[in-house]
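Please look over the sequence and the structure shown here before reading the notes that follow. They are grouped by topic and are meant to be read alongside the model.

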Number of protein chains: 2
Amino acid sequence: MGGDHGPSVVIPAVAQACAGLPSDVRFLLHGDQAVLAAELARRPELAQRVEVRHADRVVAMDEKPAQALRRGKGTSMWNAVEALREGSAVAALSAGNTGALMAMSKLILRMTGDLDRPALVATLPTPRGFTTFLDVGANVDCDAERLIEFAVMGEAFHRAAHGVPRPTVALLNVGSEEMKGHEEVREANRLLREGGYDLNYQGFVEGDDLTGGAADVVVTDGFTGNVALKAMEGAARFITRELKISLTATLRGSLGAALARPALERFRDRLSPPPAAPLLGLKGMVLKCHGGASVAEYAHAVRVAVDLARSDFAGEIERNMRRRPAAAATEPGEAAAREVSE
Amino acid sequence: MGGDHGPSVVIPAVAQACAGLPSDVRFLLHGDQAVLAAELARRPELAQRVEVRHADRVVAMDEKPAQALRRGKGTSMWNAVEALREGSAVAALSAGNTGALMAMSKLILRMTGDLDRPALVATLPTPRGFTTFLDVGANVDCDAERLIEFAVMGEAFHRAAHGVPRPTVALLNVGSEEMKGHEEVREANRLLREGGYDLNYQGFVEGDDLTGGAADVVVTDGFTGNVALKAMEGAARFITRELKISLTATLRGSLGAALARPALERFRDRLSPPPAAPLLGLKGMVLKCHGGASVAEYAHAVRVAVDLARSDFAGEIERNMRRRPAAAATEPGEAAAREVSE
């Protein structure tokens, strides 16, 4: 029911994603039975793969997390996350209210080990692959210990998602010298260097290294990470818009662009960020799809969820947590179940 | 003497800039007499417009600000800033060590009114003009009062530099709702709304609004600002590189690109950021050119310095400072003089 468009995007997207997925991947759709049934009636091919679970209520996009928690039970978002806990789904995907999704997920699923709060991770393209970038907005205020948790979680995620055995890890800063930056980032740097963490830690990187590929995993607080991610998205939008204007301003440019169309399309695909970001650190896999996602983007998000569900990234995080110096005792993860839940 | 290339860039750049400047714009070049004379010998056309002022020493690019201050007297950077104070130049431009330039400028020129520290400002292109974005790296830790100083300075700068009579001002945040963000940004928002400041204040904007043009002046702390600016620069580099690769991967793409070359060049020029950023809040005009600037970029920086020297932005800042509620008494600005100093 979530996001700007609700079932009118989610159900066609599930249909689109299903076309390329093995037949044992099945879906729970949480929401208003009547609305979902009407959409599903137009997609008979989904009958075998989809089960509707009725929910009376919906979390509003502008609800505050605390409010959403208080009246959350019985909403479609709550039920989607609850389906993970009870073992009837292996991943939950939502295009709804991010803060509410995070708060509910933490309450229902709980955190792995002694982790404090989930982190939202973004995947950025680089000339040689991808940068795993976190936190991109779940935690506005972060001390050094929080930044180190992000490093531990991000490293595990990068290994699971991209098959890199020993990802490099760096802290985002305003310069590469040890004395640069504020107290939290300098303290996190000191702890990562001297604290006995089993990480391939590289030190500080700067903003332009995010898409430059200087490190596999780049860690920052959720304020800086959110601003940097959106600033890059805005720059990419501005640049492609300017490119279009330049190319269509003259007949000669238009002819050139028509000839180069397949190349320009490859270029555009290469820039498209994955439309779903996992919340790291939970005992269960919750992904946030951006609220304005199109059918194609939501279908892409479904495929990302299926891929990640097969990658055991939660297990990687748990192992990383156990390998930390003086790590608190961790509890075993939830048993994996069969379905991708929405 | 500063930057990665020193006089071998600065002197050809001054020559290039001079070609398009009125003959009454003259230059003081601070640095090693012998080195500068050798470069100048190849540019006889500069003889009437340039005066060399010998300096024995140079501030190293990696020197800490405090260290640069202690041994700064007599360096080319010190002398360039000192020339502003003594009234023999109206603007100082340096491609050298940013922290040292800021510390020396503050010590030699002092701040306007009761401003605390200079801010570094960037100019970003948007679909409808430019965004004035500050601080982009001079002040890593900023409380609410500091953010308000940036708003006051940035508004004055935008009016002077772009001729917008009443620029809109916004705070950078992770969402537009009042409750979003950390304490400093929420407190600054409250003060800007309720504190009686004579500013056209719009509230919060997000990272993608920087190049989206949602506000004329966007204010943030120097940590976030530096990261966001470099992240956008990195994204732009990545995107233009990917575009080039896509266009040259096939014969058809290459032909299209050749045809669209003038359009692609207009596109590239539109994206090029101004290579010089002024330090706001000083009693005197100091500009920082990026260290790796080419001859064309440094020449562009010289023209930016000349334009700003004619814009009275320091006077605008002073007037803004006086209009603040409960503003401290401000002192009159330094008398303007005739030359652009390096």
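## Briefing on a predicted two-chain model

**Met111(A) and its surroundings**

- Although Met111(A) and Lys283(A) stand 172 residues apart in sequence, their C-alpha atoms are 5.6 Å apart in space.

**Contact between the chains**

- Between them, chain A and chain B bury about 4700 Å², with 73% of this area on carbon and sulfur atoms.
- On the chain A side, the residues that lose the most area to chain B are Phe223(A), Phe238(A) and Ile239(A), which together account for 14% of what that side buries.
- The contact draws 55 residues from chain A and 55 residues from chain B.
- There are 4 salt bridges between chain A and chain B, and the side chains of Asp208(A) and Arg237(B) meet in a salt bridge with an N to O distance of 2.9 Å.

**Nonpolar cores**

- In soluble globular proteins, nonpolar side chains tend to be buried together.
- The largest nonpolar core in this model holds 104 residues, and the members with the most contacts inside it are Phe133(B), Leu171(B), Leu210(B), Leu287(B) and Tyr298(B).
- Helix α6 (residues 144-162) of chain B contributes the most to this core, namely 10 residues.
- Another core, of 103 residues, lies apart from it and includes Ile11(A), Ala91(A), Ala156(A) and Tyr298(A).
- Setting aside neighbours within four places in sequence, Leu210(B) is in contact with residues that include Phe133(B), Leu172(B), Val218(B) and Met232(B), as well as Ala231(A).

**A nonpolar patch on the surface**

- Leu251(A), Leu255(A) and Leu259(B) form a nonpolar patch on the surface, and their accessible area together is about 290 Å².
- Leu255(A) belongs to helix α9 (residues 251-259) of chain A, and because its relative accessibility of 49% lies between the 20% and 50% cut-offs, Leu255(A) counts as partly exposed.

Key
Residues are numbered from 1 along each chain as its sequence is written. Chains are lettered from A and ligands numbered from 1 in the order in which they are written. This is a predicted model: local features need pLDDT of at least 70, side-chain atom pairs count only at pLDDT 80 or more; totals for chains, interfaces and linings use all residues. Side-chain values use heavy atoms; hydrogens and water are left out. Patches are made of residues with over 30% relative accessible area and no salt bridge: like charges are joined within 9 Å, nonpolar side chains (Val, Leu, Ile, Met, Phe, Trp, Tyr) within 5 Å. Accessible areas come from the Shrake-Rupley method with a 1.4 Å probe; for residues, only the protein chains shown count as cover. Helices (H or I, at least four residues) and strands (E, at least two) are DSSP runs, numbered from the N terminus. Buried means under 20% relative accessible area, exposed over 50%, partly exposed in between (1.4 Å probe, protein chains only). A nonpolar core is a set of buried Ala, Val, Leu, Ile, Met, Phe, Trp, Tyr and Cys residues joined through side-chain atoms within 4.5 Å. Contact means heavy atoms within 4.5 Å. Buried area is the accessible area (1.4 Å probe) that two parts lose on being put together, summed over both.
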